[in-house]
Amino acid sequence: MVSTIGGPSTVAATATTVGATDATQLFINTTLDSCALKYEEFVIPTTVPYCNWTWDSILCWPPTPANLTIRQRCPPAHGIDTSKFAERRCSAEGQWEGKPGSPATLVGWTNYTPCYSPEVIQLFRKLYAGGSDDDANIKIDIAERTRTLETVGFSLSLVALIISLIIFCKFRGLRNNRTRIHKNLFVAMVIQVVIRLTLYIDQAIIRSGGKKFGNESSRQGIDNTPFLCEASYVLLEYARTCMFMWMFIEGLYLHNVVTVTVFQGRFPHTLYAVVGWGGPVVLTVIWAITTAQYIRQQKCWWGYNLTPYYWILEGPRLAVVVLNFIFLLNIIRVLIVKLRQSHTSDVEQVRKAVRAAVVLVPLLGITNILNMTQAPLDKTALEFAIWSYVTHFLTSFQGFFIALLYCFLNGEVRTALMKSISVYLSLRGHHDWAIRRQSLFSAGYPTVPANEAPGAGESNRYDTKKTTHHPITTNTNRNATINNNLLASATNHTANGGAANATNGRSGAGWFSRCFVVQKNANPSAPEPAPPESVVFDISD
């Protein structure tokens with residue numbers, strides 16, 4: 001026999017119970033004291049055995065006659081469908097039944113399994129596949145420590161990405177097609193990291209409040225605010241999809257520059273912007289509508305990434321990773337062919353190929369393939385720990401590594417920074433300070449100034465490599481050129497600094513135009529020349 005509190009019964013009850021009790025009132029009873037206060041005046045009948053009232057730390061259960069299964073609406077919590085019911089059964093002896101296979105006790109056991117979605121139930125089955133609660137608790141502890149690792153990684157990535165964006169926007173010599181794609185990718189990553197860190201901090205605050213006051217509902221935040229929580233995850237998934245799309249654009253652009261002679265006309269910035277920012281809007285809207293229909297009863301869409309509908313977003317992301325991996329293989333092939341033509345030793349060929357692969361893997365997002373695989377919860381704790389730490393380390397520190405390789409260690413960026421420092425010191429009388437080395441590392445393909453023909457930078461660099469036969473003469477000429485440039489830069493800085501600042505002050509959107517708007521070419525009809533072979537070598541040098 002089944003009795004339902006706060007909802008319809010599937011089986012007719014034959015005994016009089018407290019079925020008319022208001023379900024909303026039961027949800028308020030979230031502590032042992034409130035539950036005791038609710039039933040302190042209830043007199044248990046002596047005609048039939050009764051199970052006493054009890055509080056299972058989640059719901060308050062009323063006194064129940066023997067041989068009766070009582071049900072209540074599932075409480076609002078993560079991964080729980082509030083349209084379903086949790087249940088308890090009172091045995092014939094008037095005691096609450098325990099878990100299957102366990103004897104009846106005064107406290108008993110509440111069956112919350114029907115409350116969970118099929119995906120969450122499958123997750124729990126994998127977690128407890130070993131049959132040991134200790135093993136499952138170890139995996140849960142590993143997941144909590146992984147969250148700490150993620151917080152550190154995302155924080156470092158956020159700082160590095162913001163600094164990189166400032167550098168790319170400040171220096172005019174770095175405004176080119178390549179860095180324009182970088183900046184869009186960095187913005188998408190910043191949005192994703194900010195939202196993720198905000199959610200992590202909010203969850204930590206709510207959980208700390210739950211430990212202190214005994215209930216997570218005691219503190220209000222994003223995680224337990226309807227609509228705001230769902231909107232946060234929708235925006236998070238949109239930012240992640242944008243990040244993957246811009247990684248695809250990075251791979252496509254580099255692949256075309258290195259291996260293809262077509263598509264070498266005008267830079268298709270508008271098309272890239274539509275694909276990078278507009279495409280994810282369509283995918284995210286379709287996914288959000290579908291998910292809202294499927295798990296609308298679950299708090300904050302918990303476990304949405306376990307549903308098959310998540311592949312509306314994850315499928316295109318996986319396709320991006322696969323395409324970028326193909327791009328990487330073709331780029332490495334071209335690199336090896338060029339190295340063989342230059343009669344480079346086998347060891348040097350392998351070194352350059354490996355170096356190019358290591359540099360390009362984070363930019364193309366290939367490391368995200370681990371995060372798309374299912375967590376090995378049904379494996380041993382050691383296997384789960386290795387997967388968890390490696391996967392989340394690569395995911396959370398991805399922004400930091402991309403900023404490090406493509407900004408801080410980039411040769412053109414270092415040259416621009418050193419030149420700016422030289423101008424600053426020269427204006428203050430330190431004329432003996434000069435740039436000793438223009439670059440230590442050039443990650444990626446060459447930089448082309450915004451007002452220079454696309455490919456001119458590569459051609460100049462290639463010509464320099466071909467004609468550098470006299471190191472002493474080259475270094476002397478370079479130092480003389482640097483000193484002249486420093487003097488000219490200092491003069492221009494003094495003469496034009498005020499005018500530039502005034503212009504920037506008049507335009508509120510000047511920073512956005514300088515960073516993201518395409519600069520019109522003085523000769524738009526001129527076709528973009530094919531890049532030289534040195535583009536490939538710059539990746540591995």
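1. Please keep in mind that the model is predicted, with local features needing pLDDT of at least 70 and side-chain atom pairs pLDDT 80 or more, while totals for chains, interfaces and linings use all residues. Residues are numbered from 1 along each chain as its sequence is written, and side-chain values use heavy atoms, leaving out hydrogens and water.

2. The whole structure holds 17 aromatic pairs (rings of Phe, Tyr and Trp, the last by its six-membered ring, with centres within 6.5 Å; planes under 30 degrees apart are stacked, over 60 edge-to-face, the rest tilted). Tyr233 and Tyr304 pair edge-to-face, at 5.7 Å centre to centre and 65° between the planes. Tyr233 sits in helix α6 and Tyr304 in the loop between α7 and α8, 71 residues apart. Both are buried (under 20% relative accessible area; exposed is over 50%, partly exposed in between, with a 1.4 Å probe and protein chains only).

3. Phe393 and Phe397 make a tilted pair, 4.6 Å centre to centre with 35° between the planes. Phe393 is partly exposed because its relative accessibility is 32%, whereas Phe397, at 10%, is buried.

4. Helices α8 (residues 311-341) and α9 (residues 346-363) have axes that come within 10 Å and cross at roughly 155° (axes are lines fitted to C-alpha atoms over the stretch in contact; angles run from 0 to 180 degrees between N-to-C directions; helices are DSSP runs of H or I, at least four residues, numbered from the N terminus). The two are therefore roughly antiparallel (over 145 degrees).

Key: Angles under 35 degrees count as roughly parallel, over 145 as roughly antiparallel, 65 to 115 as roughly perpendicular and the rest as oblique.
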